[in-house]
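Thanks for coming. I will go through one structure today, starting with its metal site and then turning to its ring pairs.

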Amino acid sequence: MSAWDPSSSSSSETNSENPSWIHWYCNLRGHNFFLAVPDDFIEDDFNLTGLSGVVKYYTAALEMILDLEPSEPTSVPMPDENMIRADAELLYSLIHQRYINTKQGLFHMAHRYQAGEFGRCPRLGCGNCAVLPVGRFDQTGMDTMKLYCPRCIDIYHPPDPVYVQIDGAFFGSSFPHMLFKTFPELLPSINRYFPKPPTHAQVPFDAADYWVYQPKIFGFRVHASAPDSPKMQWRRWRSGTRFLEHPSGPSYA
Ligand SMILES: [Zn+2]
C-alpha cells in the first residue's frame with residue numbers, strides 16, 4: 001500500500017503547497033487510469049449509499065479522502081494510521097467505480113478512450129483498437145484490473161507490470177458496456193474502411209482492420225475436427241470478416 005506523501009506527487013499540483021489526497025493518489029505510479037473524483041460527488045451522501053457498511057473506518061477514510069480534519073474518534077481502540085489509509089484506498093476504489101458510470105464520469109473516460117490513453121488491443125486482428133479498463137467483479141480484493149477490447153469483445157492482462165496490482169473494482173464489471181451504451185458512436189466499426197468484403201488486392205498487409213486468425217499447415221486450413229482447430233472462431237466472426245492471411249499467399253476464404 002502507498003503512503004500519503006504529497007511530496008511524491010507528479011501531478012500539476014506537485015508544486016502547490018497543499019495537493020489534495022485525491023490528486024496525490026491519482027498521480028501515483030500505475031494510477032494514471034483513474035479519474036480524480038470531484039469533491040462534490042463524494043460529499044453527496046446519496047452517491048455513497050451503502051459504502052459505510054463495507055468500509056470499517058468509513059468516517060476516518062472519508063475525511064482522509066476529502067482532506068478534512070479528523071473528527072473525534074468514536075471507535076476503541078483507535079484505528080492505526082495505516083488502517084485508515086488502507087480503508088481510504090478501499091473507499092476511493094468503490095467511489096471511483098460509481099463515479100465513472102455517471103454521465104460526467106463516462107464523458108471524461110470516453111475522451112481518454114478516444115485518445116488511446118488506456119492502451120491498444122494486443123490481438124493482431126483488432127488493428128490497434130483502443131481498449132478500456134474493466135474489472136471482472138464489482139467487489140474489491142477479487143481480481144486485478146483487465147483491459148477490454150470492444151472489437152474482439154474480450155479481456156486481457158495489462159501489458160505493463162505497473163498495473164498488475166490495480167484492483168479491478170476501481171472500474172467494475174459494467175463500466176465499458178455503460179460507456180458504449182451511452183456513446184454508441186464510439187463502438188469501432190468492424191469494416192470501417194471496407195463496407196464490402198475486401199479482396200486481397202485492396203488490403204495492405206498491415207491494414208488496421210478486423211481479422212480472424214486461421215490456423216494452417218502448409219497452406220491448408222486446419223480442419224474443424226482437428227484437436228487444435230479454432231473451435232471458438234465463431235465468437236469473433238462478424239459479417240464481412242476475412243481471415244488473417246498474407247495478401248500474396250493463397251486464399252481459401
Ligand atoms: Zn481486440
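Cys-126 has a relative accessible area of 0%, so it is buried, where buried means under 20%, exposed over 50% and partly exposed in between, with a 1.4 Å probe and protein chains only. Before going on: this is a predicted model, in which local features need pLDDT of at least 70 and side-chain atom pairs count only at pLDDT 80 or more, while totals for chains, interfaces and linings use all residues. Residues are numbered from 1 along each chain as its sequence is written, and side-chain values use heavy atoms, with hydrogens and water left out.

The SG atoms of Cys-121, Cys-126, Cys-149 and Cys-152 coordinate the zinc ion at 2.3 Å. Donors here are N, O and S atoms within 2.8 Å of the metal, or 3.2 Å for Na, K and Ca; water is not among the atoms, so sites may look incomplete. What is the donor spacing in sequence? It reads C-x4-C-x22-C-x2-C. The donor angles run from 103 to 116 degrees, so the site is tetrahedral; for four donors that requires all angles between 85 and 135 degrees. Cys-152 is also buried, at 1%.

Now the rings. Phe, Tyr and Trp rings (six-membered ring for Trp) pair if their centres lie within 6.5 Å; planes under 30 degrees apart are stacked, over 60 edge-to-face, and the rest tilted. That gives 13 aromatic pairs. In one of them, Phe-33 and Phe-118 have centres 5.1 Å apart and planes at 85 degrees, so they are edge-to-face. Phe-33 is buried at 3%, and Phe-118 at 2%. Tyr-113 and Phe-180 are edge-to-face too, because their planes are at 85 degrees, with centres 5.6 Å apart. Both are buried.

Terms used
Tetrahedral: all angles 85-135°; square planar, octahedral: opposite > 155°, others 65-115°.
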